[in-house]
Amino acid sequence: MRVFHIVGARPNFMKLAPVHRALKRVPGIEQMVVHTGQHYDFNMSDVFFQELGIGAPEINLGVGSGSHAQQTAEIMTRFEPVVLEHKPDLVVVYGDVNSTVAAALVCSKLQVRVAHVEAGLRSFDRAMPEEINRLITDQLADILFTPSADGNENLEREGIPAERVHLVGNVMIDTVLQMLPSSEKHIPPGLPAKFALVTMHRPSNVDDPEWLSCLVKTLTDLSSEIDILFPVHPRTRERIHQLGLNGAGKIRWMDPASYLAFLALQKNATLVITDSGGIQEETTFLGVPCLTMRENTERPVTVTVGTNQLVGRDFARLKTEFRKILTGGAKKGARPPLWDGKAADRIAQVLASTM
Ligand code: UD1
């Protein structure tokens, strides 16, 4: 069986690694990794392949940036001939980025089976581009792997036949568990004993100049209470430069961190402030308090079970919860079921049974 893995953006790579590794152990499976090139900076892409031991992708479509329509269309146009040439039996797509939906569309029209890793997550917020990508990818996928039971409920409500859906757990956690021991060596020099770690890149938080200015001002205020480390996504960096905001306070602005460096930062952080999906999950697993600057989450178990709290678009609430954590009042959390490092093995078992 010839299996293609399609990845394109940073949050795909740590999901690909354990699945790729688990399928290597299944006899009769030949694998190829196709990188769409949605993310192309060294520290948004190559460094992850190096650290996660995936090896360079066999094919890179080199699509780069663009509007959503341009990027999605470009991926489809460049990916279709690759599928026609190599004739995969199954294409595995990951998460909710534009590369995910573009590849699923191409394959479903060519009648190539699609497996979706991280299926069923819903924020119920269609202003979020990722929500559109999730809905469409799950409608098109033939095999759907969910990380948590809420995913199964969402898919059932959307009419996806239960026999297509497999609750396997969270592949991101497979990677966290595998990489955690080696991450300690990647702690950046001069790391303060206590610090808050910030990441922010969603259009809803960084595209509106007024909102972004308020956000940076709030973080600047808070940086007088604890050091703030902020590895900056290219999208955010561009906006912050445009507004001339990066001289602010005691915030330590950093380049995007590698996988191992960021894992070490998360593990040692007093708290994390983010709008990322994956970081809500990783902090829950690590037991680190997380304040999410969003009104909703497609990862509700991180709130109901884990250490995550949604502070919405409310800076006063952010400050209150931040201070509560600094004074020892952090929410306690637990690890959700099946976040045990074996999700990719369960995926491999299901795929082997379809050969
Ligand atoms: C994408 C995903 C988002 C994910 C995020 C993680 C979609 C719709 N969004 O958002 O779900 O959480 O990746 O990072 O797929 N850029 C660079 N270098 C790069 C990549 C991007 O400079 O290697 C800049 C470009 O100016 C680009 C902008 O970042 O226009 C945004 O990149 P894009 O891939 O469109 O979306 P992300 O915001 O990264």
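Buried residues of helix H3 (68-86) in this predicted model are Gln-71, Thr-72, Ile-75, Phe-79, Val-82, Val-83 and His-86, where buried means under 20% relative accessible area with a 1.4 Å probe and protein chains only. Helices are DSSP runs of H or I with at least four residues, strands are runs of E with at least two, and both are numbered from the N terminus. The cover over the buried residues of H3 includes strands S1 (2-7), S2 (30-35), S3 (59-60) and S4 (90-94), together with helix H4 (98-109); contact is taken as heavy atoms within 4.5 Å. Local features need pLDDT of at least 70 and side-chain atom pairs pLDDT 80 or more, whereas totals for chains, interfaces and linings use all residues of the predicted model. Residues are numbered from 1 along each chain as its sequence is written, and side-chain values use heavy atoms, with hydrogens and water left out.

The 19 residues of H3 should span 27 Å at 1.5 Å a residue, and this agrees with the 27 Å between its end C-alpha atoms; the expected span is 1.5 Å times one less than the number of residues. At Phe-79, shortly before Pro-81, H3 has a kink of about 25°, the bend being the angle between axes fitted to the seven residues ending there and the seven starting there.

Grid points are joined across faces, edges and corners, and a volume is the space filled by probe spheres set on the points.

The largest pocket has a volume of about 1,200 Å³. Of its 48 lining residues, Pro-11, His-39, Met-44, His-201 and His-233 are the closest to its centre. Elements giving two or more residues to this lining include H3 and helix H10 (234-243), and H10 provides the largest share, 5 residues.

The second largest pocket, of about 200 Å³, is lined by 14 residues, with Asp-125, Met-128, Ser-204, Arg-294 and Asn-296 nearest its centre.

One cavity of 30 Å³ or more is found in the whole structure. The largest cavity has a volume of about 70 Å³, and its lining includes Lys-15, Glu-118 and Ile-347.

Notes
On a 1 Å grid over the protein atoms alone, a cavity is a set of points where a 1.4 Å probe fits but cannot get out, and a pocket is an open set with protein on both sides within 12 Å along at least five of seven lines; lining residues have an atom within 4 Å of a point. Buried means under 20% relative accessible area, exposed over 50%, partly exposed in between (1.4 Å probe, protein chains only).
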